[in-house]
Structure formats: structure tokens, C-alpha cells
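Subject: Structure handover

Hello,

Here is the structure for your files. My notes on it follow below.

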Amino acid sequence: MTGTEKKSLSLQGLLDHLQTYFAAKTWQWYLTLFGILAVGAYLLNWFVPQAQDNPASFVRYTYNGIAEGAILALVSVGLVLIYKATDVINFAHGEFMMLGAYIAYEMLVEFKVSFLGIDRLGLVPALIAAAVIMGLLGILVERLVLRPLVGEPVISVIMVTIGLSSIIHAGVGLQWGTDAKTWQVRDTALADGVLAQVPELFPQDSEIRRDLETGAYEREIEGSRRPVRFQYDKVYIVLIVSVVILALIFFFKYSKQGIAMRATADDQQASLSMGISVKRIFAITWSIAAMTAGIAGLIVADTGGGAKTDIPGVGLRAFPVIILGGLDSIAGAIVGGLMIGLLEQYAVGYIDPLLQENFASLASASTKNVVPYLVLIVILMFKPYGLFGQKRIERV
Amino acid sequence: MTATQCGVFHESYGSDLQLRPTTMQRIRIVLVLAVVVILPLVANNYLIRISNSIIIAAIGAIGLNILVGYTGQISLGQGAFLAVGAYSSALLTTYYDIPWPIAVVLASFITAGIGMMFGIPSLRLKGLYLAVATLAAQQIVQWVLNNWDPIDGLQDGRATNALRIPDPKIFGYQLNQDEKAFYVFGVLILIAVVIVTVNLFRTHVGRAFIAIRDQDIAAEVMGVNIFRYKLLAFATSSFFVGLAGALLAQHSTAISWERFTIEISIQYLAMIIIGGLGTISGSIYGAIFITVLPELLREMGDFLTKSEVLNADDFRLYLPFIQRGAFGVAIVITLILEPEGIVKMWRDIKNYFRLWPFSY
């Protein structure tokens, strides 16, 4: 961007402005953003109960949207990292997530890990195990599958990750079968009363129920015509995602490897000549991306009924996010993730009922999966490189 | 004996225009045609059914190769375009009583139109961005199929998941029942498609596609209207894909959205990658490979269960995963060992024997 460029009050100007801000004060902005998100999401539970039906459901959609968006952001950050460093889009990212979820299942159910004596907090060692194993797998994948294809056309690289996804899917199927593997089984000892033991982290002012189908902890809000349910588990999603992303930001900002990774993303040849091992950077990138995918998979499985074979669908939902935010922008992945998450929930909340009331033939339609793509196509018409993506100048 | 040829020299414009200038090539094409003719006479119904699937897949793969292999526009929306072809031919025959051959042609044109519509983003998008934009086509079409009741198949007043269409008949043969009749019909269409496509890339339009793939800016400098030719590529490609979809609908006469998911898009991409990007013969090899691979695995498994190496129940449970894993392994190995696909392997074999005793 040139210095003489005029800042107008258009959407374009606003976006450019934001972009400059994000570029200049990266981690402070992330910190503020996610501080607000985390605190806000937690506070929502305190303020909403007495609200009227509609405002409450609005807040609920927003709350769910932020939680879903946080997961999407975490998934997208991994994809963006890989793209920035190696110019590859990883179509096996959803499968990495699935694998992370199954590793967590093995840890929680087969090895029965727990933390501080609480079964539920066994999630912490499970998460660490998933991250470590996925990190190693990431290195392996880079070394065996991606490295031979450096310099091949885009389509070959896309296809090799798709092939990889098929292999992982097959492996998971052969090992664990198609049934969902839940780890909340141990809690169903409490199923009769439906009241479950919930960590004291959460406010206890009203009855907390556990949805037996999804395994989510919920609180019904009294005084509204339709019960509005908040899933408590979603608070910790935002917390974990914030912690992971903050850790990543500190890694990129202060560690030697992190700085080397940024240098490599910026200019491979220059960093090679400065003595950075680009091969190692690629391996580290894949490792970190696989770690974030594994953690995201664990969260998805924990809040969505266990490890199962349709988790890769979440990976598919991350594609509109990275295109919307710009393939090479981490800020874009986070903002895009939250936007798509909110968009999906608002579609569920407001567009679906509208369609169902007005069009008899769409009575059972759910627009959740299609609205992000519609918005995506419209946005790509105006900002072909996404909201925060770098415009590439090509020379022949 | 074969080590005589060291080049093709044309002495007239006529010979320059020939598709197969050398004797060996002519012998090979005659052999291939002989196999194609003899196959239905000797093969059983099962083999012919697989051949029919291959024919449909080959037409679809040629269509995709026009877009991805020749024009360089990556598309993940193949399943969607197949679906548009299949459903439009189905709806035309079911609701408007249009004779099915006309419906198939109309369906191809409709798909070409829809493909062009989803090709519009290619004006500003390239590479991976375009790939994800075509993923949007896939998702949107799939959503429509999934949710719009009229095409969800109303049978006796209640919605079924599959749409049934009237039996296609030609000269008294019922194509959905009589595999041999469909085979003859399909082979004729495939040959027509191959001839049209091969010749397409000898005209200025096809050359423009290739120029866009190789270096779009240079192509523009040389006077190729990029947007127009990209749209044209989307339209031509979708036309053949729609044709394949319509044939698929006529072949099975019951279609449901599960047959047009993103998995199908990926399968077709795998066909052209494994066969060879930017080659017509590669599309056909790839279609054969990807269609035969799962069947072959199943046959092998059946053989192993019969000889009691495997437990039959276990095998049935694991088969889908084994097939899927083999599919993935095939893609990864092809890309790592021979990124140019089966076509390149075949070319290497030919070159080896051409120089045979002195192959260095």
C-alpha cells in the first residue's frame, strides 16, 4: 500500500484501515478481540436469563455462533498457516480433526485418563496427547507425501491431500468402525435424574440439565415462552481456542522458529540464503497445523456427540472461512471464522423459519450449510482475495 | 523390427491433418475397436454393466479434463454438474413427457448454461480460490437437490428420496434393463465425444484454452479474450459432464442426491489425475481405473472369503474402507511416482519398445 493513498469512508477504505491496524498491532488486537469474546461469552449467561423470548434467542444464536466460529477459526488458522508457508491447501484437514477426536477417545475411554481427580478434566491430558500425536503425524505427512510434490502444479497438490484424506478416513474406519465413539458414557450413571455434575466454573442459579443426545450441559431459562437453552460447554470452546491462538501468536512473535516461519512465508529464497532451513520450516508448519486441527477435532467431538466419521464435514465448512478472510491472512481466518459461525447460526435462527413458513416445498430445509457459500460467492465478486488477503501481482 | 521409426514426416496437407498418422497408431486403434466390439459378445452381464459405468465415467472425465486439464481451471463442482444433467433429463422426461433422447441433449445444454453461470467467478479468481468457489457450486446444487421437494421424487403422493423416471426405450430395446443395448448406445456416444474433443483441441478455441492454462497473461497479450474463453471452457466441459449425468440417469432410472456428492467430484478429479491431465486417452484410462478398482477389490475379497482366509461378515464391514483407502493410496502413489499419470507410463512403455534392443 502506498503512503499517498487516500482513506475514503467506503467499505473498501474501512477494510483497508482495519487491515493496516491488524498488520501493525497484531497480537494486541487478537488479545483484545478474544478477551472481549471470552468474557462476553461467559457474561452472556448471567445477563440473559430474564430477557424476553426474542432477545434471548438472538443472544443465544450469537453465543452459539461465536462458539462455532471459534472452532472454525481454529481449523482455518491451521489451513492458513499451511497455505502461507507452503502454498498448499490441505484438503485432509477435516480428517486430521477426526483423527484428533479419536485419539482423545482412546485416551479418555480406553486409558481412562483424568486430571486433578476429575474425570471431566481428563480432557486436558487428552488434548495434550492429541496435539502431540497429531504434531508428529503432521511432520510425517509433510516428509512422506508433500515434500516429493514441491513445485508441482496446484491441482496435483490438492489431489495428494485429497488422497491423504481418503487414506486417513479408511484407516479410522478400519480401526474404529462407523459408530460414534462418545466419552461421556461415564457420566450417564447420572442419567436418571438428568442433573449432572457440572464443574463449579459455571453459575448454578438455575437447573442445569444435560442433553442426553448431544451430551451437552445446558441450562433452561425460566420465564420465557419457549425454553432457550445455553450449552455451557461452549464457553470452554472459546477459552481453549483463545489460549491456542494466543500461544500461536506468541510463538510467531517471539520464538526463533516462529520468526523463521514468518520469514519463510514472506520470501522463501531470501530466508534460504539467510540460513533458515526451509524444509524444517515446512515440517514445523504442518506439525503446528495438524496440532490445531487435532485440538479442534477434540472440541468438536466433545460438544457434538463424540468422535465420529462425519467430523471432516466441519473441515469442509472451513473453506468458505479461509476464502472469505483471505487465504494468507491469519487475522482473516479468525475474523472469517467468527463471521461464518455467526452467519450459520443466524441462518438457523432467522432464515430457516422464514423459508419454512413461506414455502411449503422447503418445509424441512436447513440453510446452515449453504448460506456461507452464497455469501462467499457475492463477496468474491467484490474482493477476489478475501477480506484480508494479499493481492498477488503476477508477472510473466 | 519396430526400431525403424525416428519421426513422423508429412508430405501433404492431408497427412498433416490425420489424427493417427503412423501405421502403429492405426493398428492400435483397430485393436482397441476390436476389443470394444468383441466385449459384449463374450462378456457376461456383470462385466457389461461395469463397462457401461466406465463409458459414463469416461464421458464425464473427458468433460472435466477439458476444464481442468486443458484450461487449467480447477473445479470441485463436478458432482453438481453431473447432478444438473441427471436431474434435468429426469425432470424433462417425467414432468414434460419429452422423449428421452431429446431430453438428454436438452439436459446437456442446460448443464452447459449452469456451468457457465458458476464459471463467472473465474473472471477474477484463480487456482485455489477458484477451486473453493466451485465447491460453492457443489454445495448449492446439493442443497437444492436435498431440499426441493418436486425433485425429491414424489411417488404416490409421498416423498421418496429417489426420483424415478420412465424407462428409456430405443428400437424396442429398454436401455435400463438391457445392458448390451446401453453398451452399444453408450459406446457410440463415447466415440462421438472423443472425436469432437480431439478435434476441439485442433481448432483455435481449443488452442485458446491451452494458452490460458499455460500462461493466461501471455494468452491475453496474444489476443485471446480470457473471460470469454474461460466461460466457453466451463460451458463445453459442463456440456459433456451434463451428458454423462443424463446418461447416468437414463441408465439407472432412479436417482438420488447421494450419487452427486463432493465424493463424486473427487472421484472424477482422481480419474483425470491418475489417467493424465490434459489428455483424452488419459481420461478414459482414469475412468477405467477408478471404476474397476473397487470392483476388483470386492472380487478379490470374495475370492479370499471363499477360500476362507477372511471372515465374510468382517469383510463386508471393512470393504468400503478398504476401497476408500485403496483409492487414496492410488492417488498418492500416482502423484508421487508418476505425476503425469497412466498416459505417461504408456508412453514410456511405447518408447522403450520403439528403441527396443538399444533402449539407451
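Two residues are in contact if their C-beta atoms, placed from the backbone, lie within 7 Å. On that basis, the contact between the chains takes 37 residues from chain A and 41 residues from chain B. On the chain B side, α6 (127–147), α9 (216–221), α11 (262–275) and α13 (312–337) each supply at least two residues. Helices (H or I, at least four residues) and strands (E, at least two) are DSSP runs, numbered from the N terminus.

The side of chain B that touches chain A has 32 nonpolar, six polar and three charged residues. The classes work like this: Ala, Val, Leu, Ile, Met, Phe, Trp, Tyr, Cys and Pro count as nonpolar, Asp, Glu, Lys and Arg as charged, and the others, Gly among them, as polar.

Some housekeeping. This is a predicted model, in which local features need pLDDT of at least 70, side-chain atom pairs count only at pLDDT 80 or more, and totals for chains, interfaces and linings use all residues. Residues are numbered from 1 along each chain as its sequence is written, while chains are lettered from A and ligands numbered from 1 in the order in which they are written.

**Confidence**

The model scores ipTM 0.84 and pTM 0.82. pLDDT is the predictor's confidence in each residue, from 0 to 100. Chain B averages a pLDDT of 83, and 93% of the residues score at least 70. Chain A averages a pLDDT of 73, with 64% of the residues at 70 or above. Residues 1–8 of chain A have a pLDDT below 50; beyond near neighbours in sequence, this stretch has three contacts in the model. Residues 47–55 of chain A also have a pLDDT below 50; beyond near neighbours in sequence, that stretch has 12 contacts. Where pLDDT is low, the predicted coordinates should not be read in detail.

**Chain A**

Chain A has 13 helices and three strands. Of its 396 residues, 45% count as buried. A residue is buried if 20 or more other C-beta atoms lie within 10 Å of its own, exposed if 12 or fewer, and partly exposed in between; C-beta atoms are placed from the backbone. Take the contacts in chain A between residues at least 6 apart in sequence: 72% of them join residues at least 24 apart.

Look at helix α10 (residues 278–303) of chain A. The expected span of a helix is 1.5 Å times one less than its number of residues. α10(A) is mostly covered, with 22 of its 26 residues buried. Just after α10(A) comes A:G305, with a positive phi of about 90°.

A:K253 lies in helix α7 (residues 233–254) of chain A. A:K253 is exposed, because 12 other C-beta atoms lie within 10 Å. The C-alpha atoms of A:K253 and A:G305 are 36 Å apart, and the two residues are 52 residues apart along the chain.

**Chain B: α11 and its partners**

α11(B) has 14 residues and reaches 20 Å from its first C-alpha to its last, close to the 20 Å expected. It is mostly covered: 11 of its 14 residues are buried. Among them are B:S265, B:Y268, B:M271 and B:I272. B:G276 follows α11(B) and has a positive phi, near 140°.

Two packed helices are described by the angle between their axes and the distance between the axes. Axes are lines fitted to C-alpha atoms, for helices over the stretch in contact, and angles run from 0 to 180 degrees between N-to-C directions.

Helix α4 (residues 78–95) of chain B packs on α11(B) at about 110°, with the axes 7 Å apart. That makes α4(B) roughly perpendicular to α11(B). Angles under 35 degrees count as roughly parallel, over 145 as roughly antiparallel, 65 to 115 as roughly perpendicular and the rest as oblique. B:Q78, B:G79 and B:L82 of α4(B) meet B:I262, B:I264, B:S265 and B:Y268 of α11(B). This contact has four nonpolar, three polar and no charged residues.

Helix α3 (residues 45–70) of chain B and α11(B) pack at about 75°, with their axes 9 Å apart. α3(B) is therefore roughly perpendicular to α11(B). From α11(B), the contact uses B:Y268, B:M271 and B:I272. It has seven nonpolar, three polar and no charged residues.

Best wishes
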